[in-house]
Amino acid sequence: MKYLAWAMLLITLVACNEEDGGYIDIEDNERLTVAIPSNFPPMVYQIEENPPTRYGFELGKKLFYDGKLSANGFISCGFCHEQRFSFTHHGHQFSHGIDDKEGTRNTPSIANMAFFSEFAWDGATSHLDLFPIIPITNEVEMGETMTGVLEKLRADSDYQKAFKAAFEDGGVNHENFLKAIAQFMVMMVSYNSKYDKYVRNEDGVALTEEELHGLHIFQQKCASCHTTDLFSDGSFRNNGLPPNPGINDIGRAEVSGSVNDNHKFKVPSLRNVTLTAPYMHDGRFGSLESVLNFYQNGVQDSPTLDPLLKTEEGFGISMNDAEKMALIAFLGTLTDEEFINDERFAEY
Amino acid sequence: MKPLYKLSIFLFLFVIVTSCSDDDSSGDDLTGTGMVKIEFDNSVAGDDLILGSSYTNSQNETLTIDRLNYIVSNFRLTDADGNVYTYPKDQGYFITSEETGNTEVVLVDVPAGRYTSLTFGIGVDQEKYLLGAEGQGDLLTEAESTNMMWSWQAGYKFLNFEGTFTSATVTDATDFKIHMGSHGSSLDNYKETTLSLGTEALVSDDMTPIVHLVANAGNILDGNNKILLTEQAVIMVSEEKSPKIATNTSNMFTVDHVHNGDGSSH
């Protein structure tokens, strides 16, 4: 039991005691427990501002999988964020939205978002609640307006009921809409990979010799950016990818307006990374081998190249083939079958 | 006309002040709570702002303004003794828009008093933004309907100033777009301004002052910081220019006059 020292929030919401006028019976809208794994850094999301509840979560899930959130009625959040690929868009370099329009960035995973403070590849928002505005209003993603979405939801009696069940004030409005989707995302914690069980000493799980060797190399060569058991420090860095000349995505500089941020992108988490090909912000690499080959041989110098990738020997990370094999074996231990098969998050 | 009017206010104040002089002079005559109306009268360097009309600035650029929307927030009123009344933050954000004619902010339930200065912010502070969905309330809805939602920053435009311009080298009317807001977590462009009211604004159960502010939109590009549209006509996220525009915008307000009375006309 001492190994299972997960801090669990177990607070039951007891709403509407005596003064319950009998408008809405939300007594059974119990508060849900968010898993806070013992090997994770503290949660960033202010859970008391928007505590996930049974009906709030269900509403968030319904919204997440509903094409109504897009202009043409077909593109839901789940269209690009597929659970079995750790909520990424497998096989798509760029995610395509309404009318088959293509974006310029690869769909990132949305596991463990409650533990991060900046969202999207460029940190276009620093609050998870407000993130859905970006894809919903992006003309090559869902192409809608927030107001347009709400009009559709208000006209739908199922949604009227779902909002009433989920929130005390019951309003079909921006605030409750964003809260519900955030509740769904906050619950998505991926923390039961082979690696997790190994570091938490659970169920007698052990890594193979090669996986352990990979972990050792990872800690030496990768863990200065892919820090903690979230495998990201959440910072924005230029990892030396030659810019795609057809796109010239300047990354974080789009948000900050600073040339010092040119071509910097958020360090992605590596959880479930074996499942989330293609890789990099623009999905240019189809395999982890290609990613490691790039770090070994392909890193390009530029004024904003991350200093950690500049060494006396040159740019990038020196690795031999055996080390790369071991790293890939280790990265495989970050796959969390329980998460990708968790029925709470499943569309069907 | 105006001097007479000011004189009459002065006399009125004089009467009030002298009539209270035997009492504790802390303003007991004003009791309860009242409203404060703040009119944002948009102008360009002394001329009325009329959308679609053109204005030539000191940099010899001629602007035809089609849109001037900005967010004002976090109002605070200070009296002569330095007491500060802070308007409730959860009701403290207002979008003014020349095109919709929505240019008046009404503060309600303001404690009675004699207020001598007004402080407010232009835009949305990080504290408010980081309250998430709970803290935004209806402001997002309103922002989207007034072109003030900055969807790719998932935030707010603090200022949306658009139109066309010509200059010595740009002879065909060319679109300009000035969208100013905070740059994610990396650059906070929220700024506050404090204005002396010149006269006391009297608030009580039956006194609703109207503070008539003039906002000189010419200042946005042609203030202390000089921004040339000829050099860059679309400025949305510029580490160098956006903070300058934010400063110019926060300095564009002056108090023209304050009407004391029941607030029904000015």
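Reply: What follows is a set of questions and answers about the terms applied here. This is a predicted model, in which local features need pLDDT of at least 70 and side-chain atom pairs count only at pLDDT 80 or more, while totals for chains, interfaces and linings use all residues. Residues are numbered from 1 along each chain as its sequence is written, and chains are lettered from A and ligands numbered from 1 in the order in which they are written.

Me: How do you know what confidence the predictor has in chain A?

Reply: The pLDDT is the predictor's confidence in each residue, from 0 to 100, and chain A averages 91, with 92% of the residues scoring at least 70. Over residues 1-24 of chain A, however, the pLDDT is below 50.

Me: Why is helix 1 of chain A called roughly perpendicular to helix 6 of chain A?

Reply: The axes of helix 1 (residues 54-64) and helix 6 (residues 174-186) of chain A cross at roughly 95° and come within 7 Å. Angles under 35 degrees count as roughly parallel, over 145 as roughly antiparallel, 65 to 115 as roughly perpendicular and the rest as oblique, and therefore helix 1 of chain A is roughly perpendicular to helix 6 of chain A.

Me: What makes residues of these two helices, helix 1 and helix 6 of chain A, a contact?

Reply: Two residues are in contact if their C-beta atoms, placed from the backbone, lie within 7 Å; among those making this contact are F57(A) of helix 1 of chain A and F177(A) of helix 6 of chain A.

Me: How many residues does each chain give to the contact of chain A and chain B?

Reply: Chain B gives 25 residues and chain A gives 29 residues; helix 3 (132-136) and helix 4 (139-145) of chain B are the elements that give two or more residues to the side of chain B.

How values were computed:
Helix = DSSP H or I, 4+ residues; strand = E, 2+ residues; numbered from the N terminus. Axes fitted to C-alpha atoms, helices over the stretch in contact; angles between N-to-C directions.
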